[in-house]
Amino acid sequence: FLSFAGMVQKLDQKLPVANEYLLLSGGVREGVVDIDLDELNVYARGTDYDMDFTLLVPALKLHDRNQPVTLDMRHSALCHSWLSLRLFDEGTISKWKDCCTIVDHINGSTNYFFSPTKVADWFYDSISIVLSEIQKKPQRGMPKVEKVEKNGTIISIILGVGSSRMLYDIVPVVSFKGWPAVAQSWLMENHFWDGKITEEEVISGFYLVPACSYKGKKDNEWRLSFARSEVQLKKCISSSLMQAYQACKAIIIKLLSRPKAISPYHLRSMMLWACDRLPASYLAQEDYAAHFLLGLIDDLQHCLVNKMCPNYFIPQCNMLEHLSEETVMLHARKLSSVRSDPAEHLRTAIEHVKAANRLTLELQRRGSTTSIPSPQSDGGDTNQPDDRLAKKLQQLVTENPGKSISVFINPDDVTRPHFRIDDKFF
């Protein structure tokens with residue numbers, strides 16, 4: 001996908017020329033970012049894809065501020081904001097004017113608010129144009145496009161790379177250096193990561209992602225995302241607690257999917273709060289994964305019963321406030337059944353994963369026995385190098401847990417993406 005993104009950069013020069021894309025392991029449905037969209041289609045590992053990633057693509061960057069960033073939150077719920085293009089220069093305004101909602105003031109001035117829905121529409125149209133051009137002139141070694149879908153403000157692409165299918169959830173974002181003023185008080189508190197990583201690493205930047213609150217205006221409202229900070233904080237979480245989190249996530253994705261109320265992002269927030277609350281010596285115990293799993297289930301139960309899950313970076317924002325009493329009690333009862341026999345629910349979740357892996361291997365085996373070339377290959381044997389590329393990308397992510405992986409793309413040479421892992425370039 002990275003070469004496709006570079007072509008979109010060249011298409012109408014709207015995207016920043018020197019752009020940095022944050023690559024995250026796991027799709028939006030995995031709770032990698034705080035986006036909980038009703039419009040997301042359901043994809044299954046094994047059936048639809050083998051590896052999944054989320055790519056944050058900055059449409060706008062505001063990187064020249066040293067002081068806390070003040071956003072226009074007068075019209076929004078907590079953790080959300082409108083974005084006026086007044087913060088940017090005239091060239092940027094004229095370039096993005098067609099992706100804005102326009103508000104005329106009584107004094108005769110006009111304000112352009114960057115619209116998440118219009119930006120997503122533009123991005124989907126741009127990707128469609130690029131993919132159409134590629135299909136007209138297929139090139140050797142280019143991935144096969146299995147599926148392109150717009151899920152609300154997210155663009156989901158499944159690419160066939162060798163015998164692997166890679167799901168990319170593409171999220172158009174606004175990228176900021178520094179830290180939002182609304183989260184400034186959080187920095188004054190004591191945290192589990194104090195002394196382990198520097199404050200500069202934690203507050204190096206944040207994003208606005210295209211997701212509105214439950215009562216917000218979809219065309220105008222963005223959600224604050226601290227994805228870059230969360231990547232840094234994961235460095236400070238013990239492997240046994242991360243194992244417990246992964247296990248708990250696997251259980252709740254299956255059990256609490258209907259009605260839509262709890263996402264893995266809620267669970268991750270609770271884990272971060274637990275790290276602040278519990279003694280570091282306890283959390284460092286290597287053989288306590290089972291204890292931590294029960295603790296996460298108990299914490300989630302407590303949050304549901306009290307209908308309270310504070311955002312880790314903006315605690316005054318309750319992420320469960322919108323849920324009905326009926327929904328929270330339904331999920332609390334389901335979790336009670338998990339708590340009474342967690343081992344059985346975990347075995348079921350593991351069997352789901354094994355079944356998905358078996359299906360993947362079976363599809364790959366079938367694919368290797370057919371000699372029919374894909375529409376975008378020239379019949380040559382390109383599967384092997386493509387497969388190595390897919391595995392290399394997965395290896396980059398899995399071998400660098402808790403590290404910030406970014407992708408730089410030069411629009412003049414889209415064949416060579418440039419990876420940065422923390423401060424090292426590859």
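**Stop one: the outward side of a helix**

Select Glu 325, Glu 326, Arg 333 and Ser 340: these exposed residues sit on the face of helix H10 that is turned away from its buried side. Keep in mind as you look around that this is a predicted model.

Now colour the buried residues of H10, which are Thr 327, Val 328, His 331, Ala 332, Leu 335 and Val 338. Turn the view until you look down the axis of H10: the buried residues fall within an arc of 130°, so they line one face of the helix. An α-helix has 3.6 residues a turn, so residues three or four places apart point the same way.

How far apart are the end C-alpha atoms of H10? They are 23 Å apart, which agrees with the 22 Å that the 16 residues should span at 1.5 Å a residue.

**Stop two: Arg 339**

Stay on H10, which covers residues 325-340, and pick Arg 339.

Next, show what Arg 339 touches. Apart from neighbours within four places in sequence, Arg 339 is in contact with Leu 294, Ile 297 and Asp 298.

**Stop three: helix H7**

Move to helix H7, residues 264-277. Here 11 of the 14 residues are buried, so H7 is largely enclosed by the rest of the structure. Among the buried ones are Pro 264, Tyr 265, His 266 and Cys 275. To see what surrounds them, show helix H5 (227-233), helix H6 (239-255), helix H8 (280-283) and H9, against which the buried residues of H7 pack.

**Stop four: where two helices cross**

Finally, display H7 together with helix H9, residues 289-306. Their axes come within 10 Å and cross at roughly 110°. An angle of 65 to 115 degrees counts as roughly perpendicular, and H7 and H9 are therefore roughly perpendicular to each other.

Which residues make the contact? Select Leu 267, Met 270, Met 271, Ala 274 and Arg 277 on H7, then Leu 296, Asp 299, Leu 300 and Cys 303 on H9. Colour this contact by residue type and you will find seven nonpolar residues, two charged and no polar ones.

Methods: Residues numbered from 1 in each chain as written. Predicted model: local features only at pLDDT ≥ 70, side-chain atom pairs only at ≥ 80, totals over all residues. Heavy atoms only, no water. Axes fitted to C-alpha atoms, helices over the stretch in contact; angles between N-to-C directions. Helix = DSSP H or I, 4+ residues; strand = E, 2+ residues; numbered from the N terminus. Parallel < 35°, antiparallel > 145°, perpendicular 65-115°, else oblique. Contact = heavy atoms within 4.5 Å. Nonpolar A, V, L, I, M, F, W, Y, C, P; charged D, E, K, R; others polar. Buried < 20%, exposed > 50% of the residue type's maximum accessible area, 1.4 Å probe, protein only. Expected span 1.5 Å × (residues − 1). Arc of directions from axis to C-beta.
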